[in-house]
Amino acid sequence: MSALVHETMSADAMINDAELSTGLSDWGGDEFRHPFTVLVESAEREADLTEIGRQRLRSWLMLRLEQRLKMVEDRKRRPEIAAQNIEKPVFLFGFPRAGTTFLHTMLSLDPRNVSPAYWQLNLPSPPPNDPTIDHSESTRRMQENLEFQGWTRPEIAAAHFHAADLPEEDFLAFEYSFVSTGFMGFLFVPTYIEQIAAGGDFSQAYKWHRKFLQALQIGAEGRRWMLKAPEHSLHVDTLVAEYPDALLVQHHRDPSKVMASVFSILTEGRRNYCGNVENIGQQEARMFMQMYATGITHAAKARKNEVLNTKFLDMHFRDLERDPVVSVRRVYDHAGISFTREAERQVNEYVSQNRKGKHGKHRYQLSDYGLSQAEVHEAFAEYIDHFGVELETAA
């Protein structure tokens, strides 16, 4: 193993390396430098990075830096990118582990809709839907990236199956601003959480999200965006400020099932980067639980605005499980899109071939994280009552 593997990461050095590797230096603004520096320094001091974890993290961050530079250059060379109008995008959000991936994938089957695939989220430059550009190597490159980063391990695939050509959560677009709760999910970075992610200003994250969609819309004009990321539930006001005509699908599920599953995934994700990873402890589990409770409560309060509330469609996990086709039809009706016979056929075929557990059983229980079902239900009592959430048996 070379000495480079053990070299401490430096934000300034990585920024310089990105400029050298791309031959570009216009970042489209310098607001990213502070959150990026806090993230790198927090990871170095606090995350207990393994040798492979440091390699993975550096590769992850360098890809974001280089692609940001290239996106800025694309916008200068091709003014049609900045001219793209993102019209009535549909956002699926709410609790993670509440059927968002299942519903999102079914919506993405219709060629009239468009959802970013994992490879596109990681390689937005050159515009990945542009039919005049050869993207043949991009999927292969990003499948190798998934494997290198550890996201194809069976322990993770059982909970969330990753593939380069499958639709993925659009919160990855936030990472081009380096303001994202995604980093805190897979790294122990309390300083970054405190200074940047917890209750911070996500306006820059959404501005880069729009730039990202504009790049991906080249070659996909006239199609409806179908996006999903549970993280949006924490920033409803900022989302609507950036996308005033957005339509919102809020997923609901028994929080006690959600929390245990989230903690399990976070624990496995951290094993890709950090050493001596045990199950997330009770204190951190309660911190995550409170973060979600605060976000969900805030979203519910925001919906007291009658105009804003008309943007919302509520999607309950148990209803989605019972009748996926009806659930998809409800989204189409909410978005004002006709649910064609061909779209219905594609959904039925997908459902018949992709039932829960196809990639393995995801096992988890609250007691592994020092919590009880009663404790979680108490923390989310107002939410459960307000939305009439159906409770599930303890796992």
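1. In this predicted model, F102, L103, M106 and L107 of helix α5 meet P324, V328, V331 and Y332 of helix α17, where contact means heavy atoms within 4.5 Å and helices are DSSP runs (H or I) of at least four residues, numbered from the N terminus. By class, this contact has eight nonpolar residues, with no polar and no charged ones; Ala, Val, Leu, Ile, Met, Phe, Trp, Tyr, Cys and Pro count as nonpolar, Asp, Glu, Lys and Arg as charged, and the others, Gly among them, as polar.

2. How do α5 and α17 pack? Helix α5 (residues 100-108) and helix α17 (residues 324-335) pack at an angle of about 70°, and their axes, lines fitted to C-alpha atoms over the stretch in contact, are 10 Å apart. Angles run from 0 to 180 degrees between N-to-C directions. That makes α5 roughly perpendicular to α17, a term for angles of 65 to 115 degrees.

3. E175 is found in the loop between α8 (154-157) and α9 (182-186), and E175 is buried, with a relative accessible area of 1%, where buried means under 20% with a 1.4 Å probe and protein chains only.

4. Leaving aside residues up to four places away in sequence, E175 touches W60, R64, S180 and F183. The side chains of E175 and W60 are joined by a polar contact of 2.9 Å, that is, a pair of N or O atoms within 3.5 Å, one able to donate a hydrogen and the other to accept it.

5. Residues are numbered from 1 along each chain as its sequence is written, and side-chain values use heavy atoms, leaving out hydrogens and water. Local features need pLDDT of at least 70, side-chain atom pairs count only at pLDDT 80 or more, and totals for chains, interfaces and linings use all residues.

Conventions:
Helices (H or I, at least four residues) and strands (E, at least two) are DSSP runs, numbered from the N terminus. Buried means under 20% relative accessible area, exposed over 50%, partly exposed in between (1.4 Å probe, protein chains only). Angles under 35 degrees count as roughly parallel, over 145 as roughly antiparallel, 65 to 115 as roughly perpendicular and the rest as oblique.
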